[in-house]
Amino acid sequence: SRKKTFPEVQAERLEQAQRTVLINCPAKISEKKFLKYLSHHGKINSHYFYESYGTYAVVEFSEKDSIASLQDITRTPGIEEECAVPFKSRLFTLTLKNPSIQAADQAPVHCHKQSTILVNDLVQKLCSADSVSNQLYTLMDEYQLTEENTKLRFLACSLIQEIACAYFPECTVKPFGSSVNTFGKLGCDLDMFLDLDEIERSPTRTKTGPFYMEYQMKRVPSQRIASQRILSVIGEGIDNFGPGCVGVQKILNARCPLVRFSHQPTGFQCDLTTNNRVAMRSSELLYIYGSLDSRVRALVFSVRCWARVHGITSTIPGPWITNFSLTMMALFFLQKRTPPIIPTLDQLKDLADAEDKHIVEGHDCTFASNVNKIKPTENTETLDVLLSDFFEYFGNFAFNKNSINIRKGKEQNKPEPSPLYIQNPFEQALNISKNVNQSQLDRFVALARECAWILQQEDKGHSSLSNSQPWGLAALLLPSVASNCVKVKKRRKGPASERIKSLLDSLKINNANSLVNNGGKRTF
């Protein structure tokens with residue numbers, strides 16, 4: 001079946017969000033009566049409940065007019081000691097007229113999960129799988145964004161768009177990054193992009209008539225200053241008028257200016273940027289790679305979970321390897337397989353049509369956006385092989401001299417002496433892992449070697465999947481893996497030096513036998 005392109009998915013989700021409302025409601029409520037009440041305003045396509053600072057219902061109507069009908073009967077809150085800011089949105093509160101009677105015989109509604117399971121529970125679940133490959137798929141199923149969570153992310157963007165539209169009526173607020181690139185984990189932050197392209201796009205000029213008409217607009221020295229001013233004003237609007245928006249920070253002097261805030265009704269930590277089109281192209285590129293082969297996402301999810309468990313990645317900015325860097329490393333590894341599992345970025349560029357051409361701020365962001373044009377791989381390697389080889393590959397990678405580049409799909413000499421050099425696929429002069437120090441890279445390498453060794457030992461001796469001890473991917477998520485790395489040099493030096501000594505002894509014996517068999521003549 002034909003796979004949808006990234007722009008098609010975005011447009012469909014954004015339109016869906018425009019027909020959706022978010023309702024804070026009592027935990028104990030008759031779901032049947034609740035839906036009957038709302039259906040007076042129009043047909044309901046779907047609904048679900050979740051918890052975040054209370055119980056919320058996400059309700060998608062078939063028609064946008066249903067929301068206007070619901071708003072017509074909605075009153076403003078009556079607050080005795082405070083004053084409500086009269087900003088009307090699609091975020092509502094439903095209350096019971098007789099709570100003691102209406103909620104007495106009701107069970108709590110079923111709420112969909114919005115976060116991942118605990119690591120200990122995950123390990124137990126992985127142990128019940130019948131192969132290492134299925135362990136990776138199980139982890140992905142547990143960690144990936146659900147359909148409901150994805151809808152909620154687009155709805156959150158749509159609610160912020162209502163505030164931005166007070167200043168820029170034709171603007172759009174879109175999610176990007178992990179929320180849409182198919183590699184998002186439940187609970188990840190929500191990156192938002194304030195898209196002003198429709199406003200800036202000039203209409204087709206008529207050929208008749210002696211005049212042109214232009215808007216008078218404020219002029220500023222640079223695009224960066226324009227972005228800072230726009231985000232400053234939008235940030236004020238979110239802070240002052242956005243229901244449930246708290247902890248608003250305007251971080252305008254960052255390399256990419258942003259507004260950071262917590263959206264309590266959805267439970268998302270949000271970053272709003274504008275003029276960040278390269279990041280949107282990166283999101284689309286990862287979407288394509290994630291859609292080409294199911295093994296891509298399964299491997300990336302597992303490696304990122306493994307890295308988080310062992311503190312290789314962190315939610316705090318610092319010298320740690322980021323999830324984006326790990327994803328690039330996994331993609332690079334898959335490009336290096338024989339035959340390759342995914343194409344290089346240059347190969348995707350060769351498949352691009354005229355409409356795929358994108359030059360963003362001087363950076364070539366061109367690649368084929370139609371997944372259906374990309375030929376499937378002939379590689380049939382299983383995930384257990386790929387996981388083991390991933391750790392083996394990077395446990396022995398020449399980080400001291402080589403860089404990682406998914407555009408070319410091959411190692412290149414490092415242009416600068418950073419411990420880890422991963423070239424930005426679009427802004428090619430940038431190293432996306434420049435923050436990583438030698439200590440963190442050494443720790444990653446040590447853990448990768450340890451895990452490669454564990455998986456190799458299991459290949460030799462793991463005969464029964466009913467073993468009560470965690471095995472396969474589950475074994476790699478145990479804290480003991482990291483603690484063993486403290487002893488890894490001592491342990492490895494012993495057996496390794498013994499193996500080398502044994503190999504040398506073997507060569508000596510073979511050489512001596514060869515000399516005897518050849519009458520004392522040396523053979524080469």
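User: What volume does the second largest pocket have?

Analyst: Rolling a probe the size of a water molecule over the atoms shows where empty space is left. Here the second largest pocket has a volume of about 1600 Å³. On a 1 Å grid over the protein atoms alone, a pocket is an open set with protein on both sides within 12 Å along at least five of seven lines, and lining residues have an atom within 4 Å of a point. Points are joined across faces, edges and corners, and the volume is the space filled by probe spheres set on them. This is a predicted model: local features need pLDDT of at least 70, side-chain atom pairs count only at pLDDT 80 or more, and totals for chains, interfaces and linings use all residues. Residues are numbered from 1 along each chain as its sequence is written, and side-chain values use heavy atoms, with hydrogens and water left out.

User: Which of the lining residues are the closest to the centre of the second largest pocket?

Analyst: Of 44 lining residues, they are T74, R75, F92, T93 and L94. Helix 2 gives the most to this lining, with four residues. Helices (H or I, at least four residues) and strands (E, at least two) are DSSP runs, numbered from the N terminus.

User: Which residues of helix 3 are buried?

Analyst: An α-helix has 3.6 residues a turn, so residues three or four places apart point the same way. In helix 3 (residues 65-72), S66, I67 and L70 are buried (under 20% relative accessible area with a 1.4 Å probe, protein chains only; exposed is over 50%). They fall within an arc of 100° seen down the helix axis, so they line one face; the arc is that of the directions from the axis to the C-beta atoms. The face turned away from the buried side carries the exposed residues D65 and D72.

User: What does F444 touch?

Analyst: Leaving out residues up to four places away in sequence, F444 touches W306, I312, I321, L326, M329, F394 and F399, where contact means heavy atoms within 4.5 Å.

Conventions:
1 Å grid on protein atoms, 1.4 Å probe; cavity = no way out; pocket = protein on both sides within 12 Å on 5 of 7 lines; lining within 4 Å.
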